[in-house]
Amino acid sequence: MAKKICVVGTGYVGLLTAVGLADFGNTVVGVDIDKAKIDALNAGKPIIFEPGVEEYLERNIQSGRLRFTTDIAGSIREAEVIFVAVGTPPGENGEADLQYLMRVVDSICQNLNGHKVVVIKSTVPVGTNRLVSEAIIARGGKDVDVVSNPEFLREGKAVYDFFHPDRVVVGYSSPKAREIVEDVYRALHRVNVPFVWCDWESAELIKYASNGFLAIKIGFINQIACLAEECGADVQIISKAMGMDGRIGSKFLHAGPGYGGSCFPKDTSALAIIGKKYNAPQTLIESVIEANEGQKIRVFNRLRQRLGTLKGKTVGILGLAFKAETDDIRESSAITIVGKLFEEGAQIQAHDPKAMGNFEKIYPTVKYMNSEYDACKGCDALLVLTEWNEYRSLDLVRIKNLMKEPYVFDTRNIVDQDELSALDFSFDFIGRAGK
Ligand code: UGA
């Protein structure tokens, strides 16, 4: 049976959850404290760039199953199930900051009226679901079930991921809660998506362990790439062959300028802290955090080595987002690299199909260009940092004519090396010998 749901927090995860659950047939109200955001969402305008989300938003608003409001109290009172998807940004010591989550818990406690399931989607440290459950019970919420339901969406593919998850993880402690969550997700049950029903602590740790493992995979291939450059091997071939081993798998083995985004950096730091707290040090995770910072610096150092001095040089950059298909620049390698280029006196002209507006808020003095070709004009070097599709088929003849010096450093291995060679460019790639 379809449920009455309230989703608190309409950021990335919250918005996708609200839209997706409404599409499953539930009645959903999305809640946020940001009035401007709520107005935009009610008008069918997503506040994030995410392929496909606008259609789902419009469709479900029109069907009457989805609306947005700032009225948290009323929404909690009306709901049978409350999804909590507020941010848990790293606090001062890197540990997830739970203040927004605890504010929602406070609102729930103030608006208790019968049985409710509180589903925590936000990524939270081990022990948080238990803590929340105890806090609610202590304030009279004996009839409230807390459920941990971590999110595995990828930015850029979030709509697809919502409807085709590899698995849904649910940490719970009462059969009634399980039944209700089964109802909420009935549409996924029908298409045989595997569900992992477990205790709270396992569910919480599954999220950190998954992101941590993927970060290690990337960190590993980036270090192999470094070795490949030095000994004349090709990381592309290496990762392809490694990926053919079913035990390893081919995904997340693309060498690059270091991982970024709102998840891996935050979750690896949090996992390292959780490990220390429980006296089970996560030394692999600690190493990968360090290695990932090192990867960004390595990109910069290599560019500097090529150009000699950076003072007065113009560097064209293609791609500022932390990955393709998003306007998100959080923890993007471009932030570190641009910072270092500026420090050493370079001028930067950059292009990104979606992320220039966000990047401009941090670096207003970068020259933001209308096209990838404009970004090449008069440059001493062209640095490819994000794997946008439009950068996979660049007109290199045109680029050679536009650049001052024909040198390309492709940190995503998407530019055609043979063509660069044939056109007599100098070049570098990650994990392959340069020329
Ligand atoms: C990641 C996880 O993939 C999701 O499953 C998870 O739900 C999400 O974090 C989260 O915790 O919310 P996301 O941050 O959107 O998703 O992006 P990814 O596609 O995982 O990429 C992360 C970073 O790794 C990007 O900077 C990307 O360029 C880099 N990456 C990825 C590589 O350098 N190489 C690869 O092979 C794959």
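This briefing describes the surroundings of the ligand and one β-sheet. The model is a predicted one, and every value below was computed from it.

**Residues around the ligand**

- The shell around the ligand holds 19 residues, of which Leu153, Glu155, Lys207, Asn211 and Cys263 come nearest.
- Sorted by class, this shell has nine nonpolar and seven charged residues, together with three polar ones.
- Two elements, α10 (200-231) and α12 (264-277), each give two or more residues to the shell, and α10 provides the largest share, with three residues.

**Backbone contacts with the ligand**

- A backbone N or O atom of phenylalanine 152 lies 2.8 Å from an oxygen atom of the ligand, while a polar backbone atom of leucine 253 is 3.3 Å from an oxygen atom of the ligand.
- For histidine 254, a polar backbone atom is 2.9 Å from a nitrogen atom of the ligand.

**The parallel sheet**

- Strand β9 (residues 314-318) runs parallel to strand β10 (residues 347-351), and five bridges join the two; the bridge partner of glycine 316 in β10 is glutamine 349.

How values were computed
Residues numbered from 1 in each chain as written. Predicted model: local features only at pLDDT ≥ 70, side-chain atom pairs only at ≥ 80, totals over all residues. Heavy atoms only, no water. Near = heavy atom within 4 Å. Polar contact = N/O pair within 3.5 Å; in protein donor to acceptor, adjacent residues only side chain to side chain. Helix = DSSP H or I, 4+ residues; strand = E, 2+ residues; numbered from the N terminus. Nonpolar A, V, L, I, M, F, W, Y, C, P; charged D, E, K, R; others polar. Pairing = 2+ DSSP bridges.
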